[in-house]
Amino acid sequence: MLPAKLLLASFAAACTLAAQAQAPLVQRIAARVRPNDLKADVSFLASDALEGRATPSRGLDLAAEYIAAQFRRAGLEPAGDEGYFQNASYQSVKPNPEGLAFTLDATKAGEGTVAIQEAVASDLNRAAAFKIKLSDTATLDALTAEQVRGRVLLVEMPDAGGTGGGGMAGFQAQRRILALAAKLEPAMLVMVRSAAQQANPNARVPLRDATAPAPKVPILSVWDKAIHDAVAAAKPGPIEATVSAHVAAPMVTSVKLRNVAGVLRGADPQLKDTYVIVTGHYDHLGVRPNAQGDGIYNGANDDASGTASVIAVAGALTELQEKPKRTIVFVTVFGEEVGGLGARWYTNHPIFPIAQTVADINLEQLGRTDDIEGPKVSQFNLTGFDYTDIAATFAKAGALTGVQVIKHEKNSDSFFGRSDNATFADAGIPSTTLSVSYVFPDYHQPGDEWQKLDYDNLAKVDVTVALGVLDMANSAQAPQWNKENPKTARYVQVREKQ
């Protein structure tokens, strides 16, 4: 028989659990999602000690270990091939600038006006050329490999006001360029830019999936003024000018990278083998070379806030006595800032079947409320608001917490392709990215530091996210693409083939 003190303690604990079970769901989740816990996670992930979490880096590896420890604390089941880690085999491909040259007819690109974007050895002598504009979506979609194969594809890049096409716009442009190279099979693809858009001389060494076929199309960036003007003056289609170029073979080394994955198993016999995935990227931009003053890109809002939110939602849902009907998968991914590499690794090497994954809820930039448009408190946005019926689920959750679910008329659709949710959408999975602020001070700057986040608001948003994710996991009806929206056609097509 247990001693009286232990009996009383056991009885008190049972009463506490019973009371918690009877408390409203919002209250139970809110009790677990605490502002100070979020502040602790963000302040570590965005500390100078992690040196901006570049992909790859020691700081990124430390962040992965920390996230795995928090998943372990929350009681998630490990879902990787090595505990919580989904190992990814990549190659670091360092371009070899020796002998790099590009000539359009008799005009040779000046020194310092050519950069290698996709390093594939190539020697061309007066190859035929074909000009297109990246902004001409209709023409791009209509082009076929038969029209371009064997020619040099000269892509006139849109003028982005001297930004160099960086940030989220660069993410989207990179995806389109790679898709063009794969689809059209040119002898070479050349991004022709204005001088104001010259390539970043401190750009990171490209990374390639070591398990995928090596790319066959070299990609250059050229911002020589004479060449830019000549290409801009040419009409789209085959042009008379020819291209000569030399690109040396790159230097290739192996790199090991890791997504961090944990799972909360569903309990319903019919739905437990279907999956809601919650994602956020844990990398950022690392350290600025030769910086005067602070050169560490801490990435507190982008995206330590999303990573901390994945951890918080996981912890809140695992502590509920009632298990969800569907299985919920929590994954923090590497390499979003260098082309969405971790998300792409997951969809190419899924831990759980893509066809049975009903939604991806991607969390990004949830901590700052000081948007350039004004304060954004007690609200969050969804990208592709009208692409799926996911927004309605979160609106229902927001009605319980006092958080508005907003469609940003300008940014909702344009930002859909600019974060990791786009990779899951490409795989057919209904997806969205949740953000409090699309554009905030210090975006992609060293000033994005943990002290600037609104943790009370972040906690309120995360409670809403947790309620929405749980609702999705418990619903008999899986999220669906909106077939009436023409922008979803390609995603619907992929989904229907699964």
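These exercises look at salt bridges in the structure above.

The structure is a predicted model, in which local features need pLDDT of at least 70, side-chain atom pairs count only at pLDDT 80 or more, and totals for chains, interfaces and linings use all residues. Residues are numbered from 1 along each chain as its sequence is written, and side-chain values use heavy atoms, with hydrogens and water left out.

**Exercise 1.** Find how many salt bridges the rule gives.

Solution. Begin with the rule, by which a salt bridge is a side-chain nitrogen of Lys or Arg within 4 Å of a carboxyl oxygen of Asp or Glu. Applying this rule gives a count of 21 salt bridges.

**Exercise 2.** Describe the salt bridge of Lys225 and Asp229, and state whether Lys225 is buried or exposed.

Solution. First, the closest N and O atoms of Lys225 and Asp229 are 2.7 Å apart. Next, both residues lie in helix α8 (residues 225–233), four residues apart, so about one helical turn separates them; helices (H or I, at least four residues) are DSSP runs, numbered from the N terminus. Finally, Lys225 is exposed, with a relative accessible area of 58%, whereas Asp229 is partly exposed at 35%, where buried means under 20%, exposed over 50%, and partly exposed in between (1.4 Å probe, protein chains only).

**Exercise 3.** Work out which helices are linked by the salt bridge of Arg490 and Asp426.

Solution. The side chains of Arg490 and Asp426 meet at 3.2 Å, N to O. This pair links distant parts of the chain, with Arg490 in helix α15 (residues 489–496) and Asp426 in helix α13 (residues 421–426), 64 residues apart.

Methods. Helices (H or I, at least four residues) and strands (E, at least two) are DSSP runs, numbered from the N terminus.
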